[in-house]
Amino acid sequence: MRGLRRLSLASVAMVWGRVPCRLNSRWGQPPAPLGARILTNPEDVFQHNMWDHVKWSEEEKEKARQKADDNSSLRIPLEEQGKYDIDACKYWDSFYEMHQDKFFKDRKWLFLEFPELLPLGLESSATEERLCGLRAPCPEPGVSGREKEMGQQRQHAPSHQHIDPLTSDCQQSGNQDGRDTAGAARQTSSFPGEHATFRILEVGCGAGNSVYPIVSSIKDTGAFLYCCDFSPRAVQLVKDHPDYDQSVCHAFVQDVCDEVGSFPFPPLSLDVILLVFVLSSIHPERVQGVVTRLSQFLKPGGILLFRDYGRYDLSQLRFKKGQCLSENFYSRGDGTCVYFFTKDEVHSLFSNAGLEEIQNLEDRRLQVNRGKKVVMRRVWMQSKFKKPQPLAPPL
């Protein structure tokens, strides 16, 4: 495995003394932590494939910063950078043509980290039994694509429900802008999933690794899933899957960077938007506009769920000189791109779109290759942001 940095057992043992729970729970009860496998004895490091809540020393932080500074010191020439933005669809189309649906594993951990994907009342005994054996989120394949998704068992948390402004008059108590948008939405002609009581959109669905865990869990619940990708090949892979069911899912090609592109549903119609390892593939200068446009489709009280690469993740430190496009933004060998976020950037990104923070975590883990006796530091961002209810009119 190229570019892996061997760490001393002493540095591996640096972990938080307690498991930090997720803050700002909407349900008024202690939420599940981001994993509970804590390394307390450095001699045990190779007993498991993953350790949670790893704390970096100041020395390790500085080494990571220096490595990122070094691999970004030689950048792709400006005259060559445009193709990575203009031809992004072509690069991802080629990716899915080569790998089909074999590159990523199904994200069965989704409901453990994001129980908001389940409509209220779905927590039947059968669902709980199915979820209790799942493991927590793990690495998306990075540059090499060899990291596997794995993690720790999580506690399942209750879901939520929102009033649908397309079918309810409750929106009339909102502000004038909210009334205008809701009115326009109600006048919209029929659309896929219009009769659903709970609507989810996944942006950047790829070959369907989130789609089918969701679809299998929302059947016969009144929920509906929209999923889009700007790679036509990816969307076709989703539609060709034997479990694709148009009664609960609508897959479509969409470039979310297109400022005038239309969606197959009206504003204020979505309960949940899922963004998993997708914003990092978009040029940093375009990301804010994407998030702002997407937030317009959330109902008041709707939630946006985000998971992506964090600053100084192993996959960032593996890049060689000459692969950097701009600060913390790189091009892989296949032409696809990736950005590495910080907590402050994530907060600003969604807050500037008018959303309220529920959760904004930096998920630091120690990934272990027990066969090669190598440890690797992974960093992901995981966040939840809610669209606020409109202000009540003055009395």
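These legends go with several close-up views of one predicted model. Because the model is predicted, local features need pLDDT of at least 70 and side-chain atom pairs count only at pLDDT 80 or more, while totals for chains, interfaces and linings use all residues. Residues are numbered from 1 along each chain as its sequence is written, and side-chain values use heavy atoms, with hydrogens and water left out.

**View 1**
A pair of aromatic rings is described by the distance of the centres and the angle of the planes. Here, rings of Phe, Tyr and Trp (its six-membered ring) pair if their centres lie within 6.5 Å; planes under 30 degrees apart count as stacked, over 60 as edge-to-face and the rest as tilted. The count comes to 18 aromatic pairs. One of them is edge-to-face because the ring centres of Phe-252 and Phe-265 are 6.4 Å apart and their planes stand at 75°. This pair links distant parts of the chain, 13 residues apart: Phe-252 belongs to strand β4 (residues 249-253), and Phe-265 to the loop between β4 and β5 (270-276). Helices (H or I, at least four residues) and strands (E, at least two) are DSSP runs, numbered from the N terminus.

Phe-306 and Phe-350 form an edge-to-face aromatic pair, with 5.4 Å from centre to centre and 65° between the planes. The partners sit 44 residues apart, Phe-306 in strand β6 (residues 298-309) and Phe-350 in helix α12 (residues 343-351). Phe-306 is buried at 0% relative accessibility, and Phe-350 is buried with a relative accessible area of 0%.

**View 1. Ser-383 and its surroundings.**
Ser-383 lies in strand β11 (residues 374-386) and is buried, with a relative accessible area of 0%. Its side chain makes a polar contact of 2.7 Å with that of Asn-360. Such a contact is a pair of N or O atoms within 3.5 Å; within protein, one must be able to donate a hydrogen and the other to accept it, and residues adjacent in sequence count only if both atoms are side-chain atoms. Not counting residues up to four places away in sequence, Ser-383 touches several others (contact means heavy atoms within 4.5 Å), including Phe-114, Phe-306, Val-346 and Leu-361.

**View 2. Two nonpolar cores.**
A nonpolar core is a set of buried Ala, Val, Leu, Ile, Met, Phe, Trp, Tyr and Cys residues joined through side-chain atoms within 4.5 Å. In the largest, with 50 residues, Leu-117, Val-211 and Ile-214 have the most contacts inside the core. Helix α8 (residues 211-218) gives the most to this core, with 5 residues. Apart from it lies another core of 41 residues, among them Tyr-226, Ile-273, Leu-294 and Phe-385.

**View 3. The loop position of Gln-323.**
Gln-323 is in the loop between α11 (314-317) and β7 (324-326). A polar atom of the Gln-323 side chain lies 2.8 Å from the backbone nitrogen of Lys-320. Gln-323 and Leu-74 are 249 residues apart in sequence, yet 7.8 Å apart in space, C-alpha to C-alpha.

Technical notes:
Buried < 20%, exposed > 50% of the residue type's maximum accessible area, 1.4 Å probe, protein only.
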